[in-house]
Amino acid sequence: AAKIIGTGLATTGLIRAGIGIGVVFRVLILGVARNPLLRGQLFSYAILGFAFSEATGLFTLIIAFLLLYIASFFFILYR
């Protein structure tokens, strides 16, 4: 049971990644509304910010799966 609770707590980084992606595109919309001429440059920055936020979420998900499956494998192996 503790393994599943730990995995659930490890996935809280996905919530933060979702918030980060929302913030990136909120700022993109505000920036384009203020200055439409910079749309291309702002969009490229937004895609870069989206990639960094999504990578953080994927790293969190990988750690959660490692905790869920690999940790139990080593526990059984070295018991």
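Phe25 comes out as partly exposed in this predicted model, at 26% relative accessible area; the label covers the range between buried (under 20%) and exposed (over 50%), with a 1.4 Å probe and protein chains only. Phe50 gets the partly exposed label too, at 31% relative accessibility.

Searching the whole structure turns up two aromatic pairs. In one of them, Phe25 and Phe50 sit 5.9 Å apart centre to centre with 55 degrees between their planes, a tilted arrangement. Rings of Phe, Tyr and Trp (its six-membered ring) pair when their centres lie within 6.5 Å, with planes under 30 degrees apart called stacked, over 60 edge-to-face and the rest tilted. This pair ties together distant parts of the chain, 25 residues apart: Phe25 belongs to helix α2 (residues 12–34) and Phe50 to helix α3 (residues 39–77). Helices here are DSSP runs (H or I, at least four residues), numbered from the N terminus.

As for annotation, an unreviewed UniProt entry lists residues 14–33 and 45–78 as "transmembrane region"; such annotations may be inferred rather than shown by experiment. Residues 14–33 are 100% helix and 0% strand (strands being DSSP E runs of at least two), and their end C-alpha atoms lie 29 Å apart.

Helix α3 also holds Phe65, which is partly exposed at 45% relative accessibility. Phe65 is one of the residues in a nonpolar surface patch, along with others including Phe59, Leu66 and Tyr69.

Residues are numbered from 1 along each chain as its sequence is written. Local features need pLDDT of at least 70 and side-chain atom pairs pLDDT 80 or more, while totals for chains, interfaces and linings use all residues, and side-chain values use heavy atoms, without hydrogens or water.

Notes: Patch = residues over 30% accessible without salt bridge, like charges linked within 9 Å, V, L, I, M, F, W, Y side chains within 5 Å. Areas by Shrake-Rupley, 256 points an atom, 1.4 Å probe, with all protein chains shown as cover. Salt bridge = Lys/Arg side-chain N within 4 Å of Asp/Glu carboxyl O.
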